Amino acid sequence: MSTPMPENSSSGLDRDACDELVFKLTKFRNVPDDVLCELVTRDGLCFWAYDREDMPDTSGDDDVDRRLAAWLCAGCPVMDECLELELRAAGEYTVGVWGAMSETDRRAFYPIWRWHRDHPPEDEDEAGEWR
Ligand code: SF4
C-alpha cells in the first residue's frame with residue numbers, strides 16, 4: 001500500500017519528514033481528544049509562557065511562516081500532541097501556528113495523516129504506545 005504525498009509543491013515536507021511525523025503521531029491513535037486537549041492547554045508553551053493573543057500573525061510567505069512556527073514553538077514539551085490535536089480538530093482548514101508547523105505544511109500533511117488514521121495497522125502493537 002502506498003501512502004499519499006503532499007500535493008502542494010510549496011510544502012516543506014519531503015517523504016522522510018512525512019514518515020517521521022506519521023511515526024511520531026501514531027502513538028496518539030487511541031488517545032481521546034479531551035485528553036490531548038488537556039495536555040496541550042496545560043503544558044503548551046503558548047498557553048502559559050506567553051499569550052497566544054500576542055503571537056505574531058502569519059505572513060502568508062511559506063518560508064517566513066515556517067521559521068515563525070519553529071521559533072514560536074521551540075522548546076514546547078507537547079509539540080506532537082498539539083499537532084495531532086490540531087489535525088483532528090481543524091483538519092485541512094487548519095490556520096496559524098500549531099505543532100511547530102506552518103499552516104501550509106499542516107494542510108499538506110493532513111491527507112497523509114488522514115490516510116494513516118483510516119488505514120490503521122492490523123497489528124495494534126505497530127500503533128506504538130503512548131507515554
Ligand atoms: S506546539 Fe506551539 S502552538 Fe502548540 S502548544 Fe506548543 S507552543 Fe503552542
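This is a predicted model: local features need pLDDT of at least 70, side-chain atom pairs count only at pLDDT 80 or more; totals for chains, interfaces and linings use all residues.
Residues are numbered from 1 along each chain as its sequence is written.

**Overall fold**
- The chain has six helices and zero strands, where helices (H or I, at least four residues) and strands (E, at least two) are DSSP runs numbered from the N terminus.
- Along the sequence, that reads as α-α-α-α-α-α.
- Of the chain's 131 residues, 28% count as buried; buried takes 20 or more other C-beta atoms within 10 Å of the residue's own, exposed takes 12 or fewer, partly exposed is in between, and C-beta atoms are placed from the backbone.
- Take the contacts with a separation of 6 or more: 70% of them come from residues 24 or more positions apart, a contact being two C-beta atoms, placed from the backbone, within 7 Å.

**Around the ligand**
- The ligand has 14 residues around it, and Gly-44, Cys-46, Cys-73, Cys-76 and Cys-82 come nearest; a residue is near if its C-beta atom, placed from the backbone, lies within 6 Å.
- By class, the shell has 12 nonpolar, two polar and no charged residues. Here Ala, Val, Leu, Ile, Met, Phe, Trp, Tyr, Cys and Pro are nonpolar, Asp, Glu, Lys and Arg are charged, and the others, Gly among them, are polar.

**Helix 1 against helix 6**
- The axes of helix 1 (residues 15-26) and helix 6 (residues 103-118) come within 10 Å and cross at roughly 45°, with axes fitted to C-alpha atoms over the stretch in contact and angles running from 0 to 180 degrees between N-to-C directions.
- Helix 1 contributes Cys-18, Leu-21, Val-22, Leu-25 and Thr-26 to the contact, while helix 6 contributes Phe-109, Ile-112, Trp-113 and His-116.
- That contact comes to seven nonpolar, two polar and no charged residues.

- Glu-81, Cys-82, Leu-83, Glu-84, Leu-85, Glu-86 and Leu-87 of helix 5 are buried.
- The buried residues of helix 5 pack against helix 1, helix 2 (33-43) and helix 6.
- Ala-100 sits in the loop between helix 5 and helix 6, and has a positive phi of about 60° although it is not a glycine.
- Ala-100 is partly exposed, with 19 other C-beta atoms within 10 Å.
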